[in-house]
Every structure is written in C-alpha cells, then in structure tokens.
Amino acid sequence: MTNYFDFYDLEELFFIDEKQLKTKYIEVSKSSHPDFFINDPAAYQAALARTSLNNVAYKALSNWQRRIPYILKLNGVLQESKNDIPQAFLMEMMDINEAVMDLQMEPSEGALEIIKTKVDAYDTSLSDELRCKAEQADELKTDWLVKLEEVKEIYLKRKYVLRLKETLNTFAPAK
C-alpha cells in the first residue's frame, strides 16, 4: 500500500494541516501535469501515473473521516473481512434492528422518528468519541498501535450506525 503521507512528506496523523496538504497537492499537480511531457511518451506515462496517485492520495487525506480507514489499513489494523464489532455493541443494536423490522411490517411515522432519534444519538456519541480517540492517538505517538485499535473499534461501530441511518433514511412508511 502506497503511503500517501510519505508521498506528500507529511507526518502520519488523523488531524493534519489540511492547508499544507492542499498546497502540496497543487505543487504535485503543477509539476506532474501530463501536458508538460506530451513529446516524451515514457515521461508522459509517468506523469499520468503520478497525477493519478496525487488525486487518489489527496482524496484519501483531504478529510479526517477518510483518513481514519486509510491510516488503519496502512498500519494493518483494519483488514478486509477480519474486523469484529464488539458483541456488546451488537446486542445493543439488536433492539434497534428488531424495531426496524417491526416498522417494515407495521409502518409508523412516530415509531420511525423515535428510532431515527435513537440512531442519531448513537451517531453523535460515536462521532465525538472517534474524534477524541483520534486526537489522543495523534498526541500519544508512543502508544500509536494501541490507540489505533481503539480508533478502529469506534470506527467500526460508527460505520455500522451509519449503515443503519442509511436504511432508516430510505425507509418510507406507508401513509
């Protein structure tokens, strides 16, 4: 996996100087623009590859919410299909999922709003906790991997809640 922080010569942090990142992105964009290498096929292909990498790297790092999974994957903490959500959290979510299933059988605008309010509260709480843990990870680089595990757990919980919110936002009870 390409290290985008190294690509931009930035310290690996959840909260980076986004202005500095944008400046580096623009610098790479200007220096690697394929139009400058139109007469040299090899240099042109290299410029295309560098421009593509620049765009992907900038997208991954330009928002702290997107940096979270990137940093976790970069450090081998977040892996495809090997990420367990804590059982206690899943038990909490079971009640909400059951309420959503009940809502599908018997639509109710009032019940939908109650569920949405509960899920929004979870999202807000997890979002705040995620920000706090990410800030701690940035400050305590000595316990980086331990903190990344904590960030991962909250990230996965929030990802679950965000999927639940998506489901609720597309749910339209019959009137």
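A: Start where helix 4 touches helix 7: Q65, I68, P69, I71 and L72 on the helix 4 side meet W144, L148, V151, K152, Y155 and R158 on the helix 7 side, with contact meaning heavy atoms within 4.5 Å. Those contact residues split into 8 nonpolar, 1 polar and 2 charged (Ala, Val, Leu, Ile, Met, Phe, Trp, Tyr, Cys and Pro count as nonpolar, Asp, Glu, Lys and Arg as charged, the others, Gly among them, as polar). Keep in mind that this is a predicted model, where local features need pLDDT of at least 70 and side-chain atom pairs count only at pLDDT 80 or more, while totals for chains, interfaces and linings use all residues. Residues are numbered from 1 along each chain as its sequence is written, and side-chain values use heavy atoms, leaving out hydrogens and water.

The axes of helix 4 (residues 64-74) and helix 7 (residues 144-170) come within 10 Å and cross at roughly 125°, on lines fitted to C-alpha atoms over the stretch in contact, with angles from 0 to 180 degrees between N-to-C directions. Helices here are DSSP runs of H or I, at least four residues, numbered from the N terminus.

The ring centres are 4.6 Å apart and the planes at 10°, so the pair is stacked (centres within 6.5 Å make a pair; planes under 30 degrees apart are stacked, over 60 edge-to-face, the rest tilted). Ring pairs link Y4, F5 and Y70 into a cluster.

Conventions. Helix = DSSP H or I, 4+ residues; strand = E, 2+ residues; numbered from the N terminus. Phe/Tyr/Trp six-rings, centres within 6.5 Å; stacked < 30°, edge-to-face > 60°.
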